[in-house]
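Me: I have a structure open and want to learn how to read it. Where do we start?

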Amino acid sequence: MRNQGDTSMSCTWTRRSGWWARVLACAAGVATMAAGCVRTTVATPLNTGYVSSSVTAELKFLEDISARSVVSNDEGLHGLFALADGGDPNHDYVGRVIEAKHRRWLTDDFDEPGDLAMQRGTLARGVAVLCGVKGGVMMRLLGPDARYATRELVYQDIMPQGTEQQTLSGPELVGVLSKAQDRLRLKSGEAGRRR
């Protein structure tokens, strides 16, 4: 037969071990989420330094990028410049970042490496500025913030469902650029009819 002290001690131990189990489970969950938040580095980025007037090289880039599971910052910016200018006048990633900041496609504090996987929000901001997407109240108040630009482009069916932190695949990049090109053509057609 147990005495009163033994029962309280076993209850205390059960409470403590249950508490530790919850703490360890929580720590394991945080570690798992943190590991899942690490962005991919693209080991072998595509060549983006070719002459901008080379149609063959541009078609090869689009063919190769559409088979990629992830797009780097350098590749994504190259695609944006090809859309905006008909070819990328920049010969390296540093030049692309400087010019993209000048055009307000990137924030002034953007400093990510070129081989880091591009986030949807980075592309969404660039596309929103390039296409003149005004957005809703929050985007009009805050400007082309990555979060609200992503939401607006998803709403307008230019970008597939997802959050601004998610990375892009090659087919998604090509799809977004294609829909943005359609939007730009529509805008230029409307501008031509107003004249």
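Reply: Start with one word: contact means heavy atoms within 4.5 Å. Keep in mind that this is a predicted model.

Me: Which residues of α3 and α4 meet?

Reply: From α3 come N73, D74, L77, H78 and F81. They meet Y93, R96, V97, E99 and A100 in α4. Sorted by class, that contact has five nonpolar, two polar and three charged residues.

Me: How do I describe the way two helices pack?

Reply: Give the angle and the distance between axes. Helix α3 covers residues 73-85, and helix α4 covers residues 93-102. Their packing angle is about 55 degrees, and the axes are 10 Å apart. That angle makes α3 oblique to α4. The crossing of α3 past α4 is left-handed.

Me: What is the angle between α5 and α7?

Reply: About 75 degrees, with the axes 8 Å apart. Here α5 is residues 120-131 and α7 is residues 146-155. Angles from 65 to 115 degrees count as roughly perpendicular. So α5 and α7 are roughly perpendicular to each other.

Me: Which residues do α5 and α7 bring together?

Reply: The α5 side has R120, G121, A124, R125, V127 and A128. The α7 side has A146, A149, T150 and L153. By class, this contact of α5 with α7 has six nonpolar, two polar and two charged residues.

Me: Now the inside. What do nonpolar side chains tend to do in soluble globular proteins?

Reply: They tend to be buried together. In this model, the largest nonpolar core has 35 residues. Those with the most contacts inside this core are L77, L80, L123, V127, L153 and M159.

Me: Which elements give two or more residues to this core?

Reply: They are α2 (55-65), α3, α4, α5, α7 and α8 (170-194). The largest share, five residues, comes from α5.

Me: Is T122 buried or exposed?

Reply: Check the cut-off: buried means under 20% relative accessible area. T122 has 14% relative accessibility, so it counts as buried. T122 lies in helix α5.

Me: What does T122 touch, not counting residues up to four places away in sequence?

Reply: T122 touches W105, L106 and F110. Look back at L77: L106 is among its contacts too.

Notes:
Residues are numbered from 1 along each chain as its sequence is written. This is a predicted model: local features need pLDDT of at least 70, side-chain atom pairs count only at pLDDT 80 or more; totals for chains, interfaces and linings use all residues. Side-chain values use heavy atoms; hydrogens and water are left out. Axes are lines fitted to C-alpha atoms, for helices over the stretch in contact, and angles run from 0 to 180 degrees between N-to-C directions. Helices (H or I, at least four residues) and strands (E, at least two) are DSSP runs, numbered from the N terminus. Angles under 35 degrees count as roughly parallel, over 145 as roughly antiparallel, 65 to 115 as roughly perpendicular and the rest as oblique. Ala, Val, Leu, Ile, Met, Phe, Trp, Tyr, Cys and Pro count as nonpolar, Asp, Glu, Lys and Arg as charged, and the others, Gly among them, as polar. A crossing is left-handed if the near helix is turned anticlockwise from the far one by less than a right angle, and right-handed if clockwise. A nonpolar core is a set of buried Ala, Val, Leu, Ile, Met, Phe, Trp, Tyr and Cys residues joined through side-chain atoms within 4.5 Å. Buried means under 20% relative accessible area, exposed over 50%, partly exposed in between (1.4 Å probe, protein chains only).
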